[in-house]
There are 2 protein chains.
Amino acid sequence: MSGMNRRRITSKELAKLAGVSSATISRAFSPDSRIGSATRDRILAVAREHGYQPNAIARSLNNQRSRLVALVVNAIGNPCEAEEQQLLVHRLQARQLLPIILCCADHSDRLQLMRLASTYQVDHVVVFSDMVSMQDAVDIFHTTKPIIVSFEPLENESVSSIRIDGAKAADEIIDKIVRDGKKRFAYLSGTNSSWIDKLRRKWFADALAKRGLAFEAQAFGDYSYDSGFKEAVLLLHRDKVDAIICGNDVMAIGARDAARRVLGKNTPDDIAIVGQDGIAMAAWDCNDLTTLSLDHVAFIDAVVELIERHDAEIEGPHSITLTCTARWGSTA
Amino acid sequence: MSGMNRRRITSKELAKLAGVSSATISRAFSPDSRIGSATRDRILAVAREHGYQPNAIARSLNNQRSRLVALVVNAIGNPCEAEEQQLLVHRLQARQLLPIILCCADHSDRLQLMRLASTYQVDHVVVFSDMVSMQDAVDIFHTTKPIIVSFEPLENESVSSIRIDGAKAADEIIDKIVRDGKKRFAYLSGTNSSWIDKLRRKWFADALAKRGLAFEAQAFGDYSYDSGFKEAVLLLHRDKVDAIICGNDVMAIGARDAARRVLGKNTPDDIAIVGQDGIAMAAWDCNDLTTLSLDHVAFIDAVVELIERHDAEIEGPHSITLTCTARWGSTA
DNA sequence: ACCGTTTGTGTAATCGTGTGCACAATGCAT
DNA sequence: ATGCATTGTGCACACGATTACACAAACGGT
C-alpha cells in the first residue's frame, strides 16, 4: 500500500484481477448503472486493494466534460480578490469541480495563457480580472460560455455576467464626508486603463456632481499598499486635498499611513479616506476603514448560480446585479 | 470568429479541410517533428482560421503527461501563503504548467479532495498545507512523488522536501527581547495539532531554555487576526505575560491591536510581539512588525528546482534546506 | 410449459491525439 | 544509371475510460 508504484493500474487490468470485463469495472464506479450488487462490492474491494481509481483524463475525453473550471484572476495574494477566490474554490470543490487558476497580473501574454487553459476543455470560465477584455474571453473559450464579473451592462449573447452597482452607497459616503466639511476630493485609481476602475470612479464623481463638486486631482497606483502610500503623499502635499477615495482597501490603508506618518494628519478630522471592496482586513482594529463594501457571500452565490444554470444547459445569457453597501469605520 | 460555436473542431476534421491526414496535423503542432515547412504553414493557417487548438485532454491521455500541478494549500486568502502561491503560480505558468488548487482549510474531507485531484494524473504535487500528513499524500498520489514543504527532516524515499530552519533567527530575536528586560513569554499557536507549529515553537523554546527561561503560557488560535486579538487579551490579562511569540504575522497584528486597544499597552516598551512568515503586510508602516521571516523567492526557487529535477526524472528523493532571518520592526 | 420483462454482463465502438512503421519521393555521391 | 541516406506523409494502433447494443439467465404471471 505504501511507497511509490511506478504505474497506475488500469480498468482492464483490474478487470482481469476481478474476473470481469472492463465495462463492468466502469459500471461499478457509476452510481446508477445496471450491475449486480455482489459484483460491485467485489470490484470495489479489489479496486481498493490495488489502489485503483478511474482515470479522470480518459473519462473526460469520453464524456466531453472535464469538470475543470478556469478562474481568470489578477493575482492570488491581493486580498481584494482572495476572499472571494477562497469562497468560490470551496463551493466548486463541494461540487467535485477542480479550479485551474490563471493569474494575469504578472504574465506577459495573458491571451496565450487563456488559450492554454482552453485546450484543457474546461467546463466553465469565470473571469474576475479586468485585465482581459470580454471579447477576448469569448473568442478564446468559444465553446464555453464565460461568466464575467462586470461592472457595466454587457449586451453579449455569449456571456453571462454579474453586474455590481455601488452608486447609492457611494452617494451615502460622499454625503457624510461633505457634511463633515471636506471640500477638496481626489480619486486614487488602481490602474489607469481598467473599465472597472472607471466605473467605480464614476459612482463617486456622480455623487460629487450632485453636490456641485468634482474631483480636483487624480492619481494612479497599482492596487498595492506601497502605491497607495506614495501617491497619497503627493496628493496631500502637492494638491492639498482633504479627502481621498481609493480604488481598493489596501491602497486606502497605505494612504492613511502616509497621511499620518509623513504629514501628521489624522482621519477623519484632518482628512477623509475611503476604501473599496470591504475586505476583512479593513475592519481590523488598526485599520477601521470606511469602505464601499460588497457582500462576498452574495457575490459568490451569484457566480455559483450562473455556473449551475450553465451546467443545466439553460440557454441564453443571464445577468445578476448586486449592490454595494457603505461600511463605516473611523477614516471618514 | 466571434460568437459561440457549439463544438470544437478536431484534428481529423481539420485534416480534411487541409487535405492531409490527422497525423500530419499533429506533427504541425509538434515543434521538432518531420514535416515540410510549407505543409506546416498551410496547416497552421487553416487551423487559425477555424480556431483549432489540439485537445490537451486527449494529448494527456496519449502522452501520459497532463502538465497539471496540484497545489495543496490551507487557504488562498491567508497572506502567509498567498505571496508564495502567487510566485509559484507565476513560475508554473511560465513553464506551461497549469496549477490546480486544493484548498484544505474549509473542506471536510481533505483526503477525498486529494484523491479527486490524483485521478487527473497531475504531473506534480506540492503540499504546502500542514493539515495533511506526509503518508497520506504519498499513498494517494502514489505515482507522483510529492514535494513536501516540511519543517522537519523527512526520511521517506518517496518524497522530496524543503526543510525550513529558523533556530538561529529565533535565537537572535529572543536575545534582543530578553536584553530589553522582558521576562514572561507566551506562545500563540496557529493550530493545536500541526507539526509545523510544534517545530516553530521549539525554535523559540530552545532559545529561551538557553537563557534559563521557558514559555509561561500557551494559547491556540487559527492563524486569523480575530483569533490573535482574542487570545492575546487572555494572555495579557490573565497570564500577565510581557512577550508574545505568534504563529504567524496576521495573529501578531491582532495581538498588537489587542494590547493597544484593550489594555493600553504599547510595543515594544510595555510588551514585545513577534510574528512569523515575513509577509509584505508586516512591513507596512502601520504594522512594522518584528518577525521571523523567510525569503519567499528563495523558497519558491527551491520548489521549482525540485519540480524540474522531478521532470528530468532524476531518481531519489531530494531535500533542500532554507534558513529564516530575523526582520526587525518596532514591536520587539 | 410458454412468453414477456427485468437483470447482469460482455463486445466493440468511441472520444482526439501522438507516434512507430511502412513507403514514396527526393537528393547526393559514385 | 545505381545505391543509399534523407525527407515527408499516411495507416493503424495505443492511451483508459464510457456506453449502445446484444444476449443469456432469471423471474413472474397465465
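In what follows, helices are DSSP runs of type H or I with at least four residues, and they are numbered from the N terminus. The model is predicted, and in it the largest share of the surface near DNA strand D, five residues, is contributed by α4(A).

Around DNA strand D there are 25 residues, of which T10(A), S11(A), A23(A), S26(A) and N55(A) come nearest. Two or more residues are given to this surface by each of the elements α2 (22-28) and α4 (56-63) of chain A, and likewise by α2 (22-28) and α4 (56-63) of chain B. The make-up of the surface near DNA strand D is set out below.

| Residue class | Number near DNA strand D |
|---|---|
| Nonpolar | nine residues |
| Polar | 13 residues |

Chain A as a whole has twelve helices and twelve strands. Its radius of gyration is 25 Å, well over the 20 Å that the globule rule gives for 332 residues, so chain A is more spread out than a compact globule. Along the principal axes, the C-alpha atoms of chain A fill a box of roughly 85 × 45 × 35 Å.

Within chain A, the axes of helix α8 (residues 167-179) and helix α9 (residues 195-210) come within 8 Å and cross at roughly 50 degrees; α8(A) and α9(A) are therefore oblique to each other, and their crossing is right-handed. In this contact A167(A), A170(A), D171(A) and I174(A) of α8(A) meet W203(A), F204(A), D206(A), A207(A) and L208(A) of α9(A), and the residues involved divide into seven nonpolar, no polar and two charged.

Terms used: Residues numbered from 1 in each chain as written. Chains lettered and ligands numbered in written order. Predicted model: local features only at pLDDT ≥ 70, side-chain atom pairs only at ≥ 80, totals over all residues. Near = placed C-beta within 6 Å. Nonpolar A, V, L, I, M, F, W, Y, C, P; charged D, E, K, R; others polar. Axes fitted to C-alpha atoms, helices over the stretch in contact; angles between N-to-C directions. Parallel < 35°, antiparallel > 145°, perpendicular 65-115°, else oblique. Left-handed = near helix turned anticlockwise from the far one by under 90°. Contact = placed C-beta atoms within 7 Å. Rg over C-alpha atoms; globule rule 2.2 N^0.38 Å.
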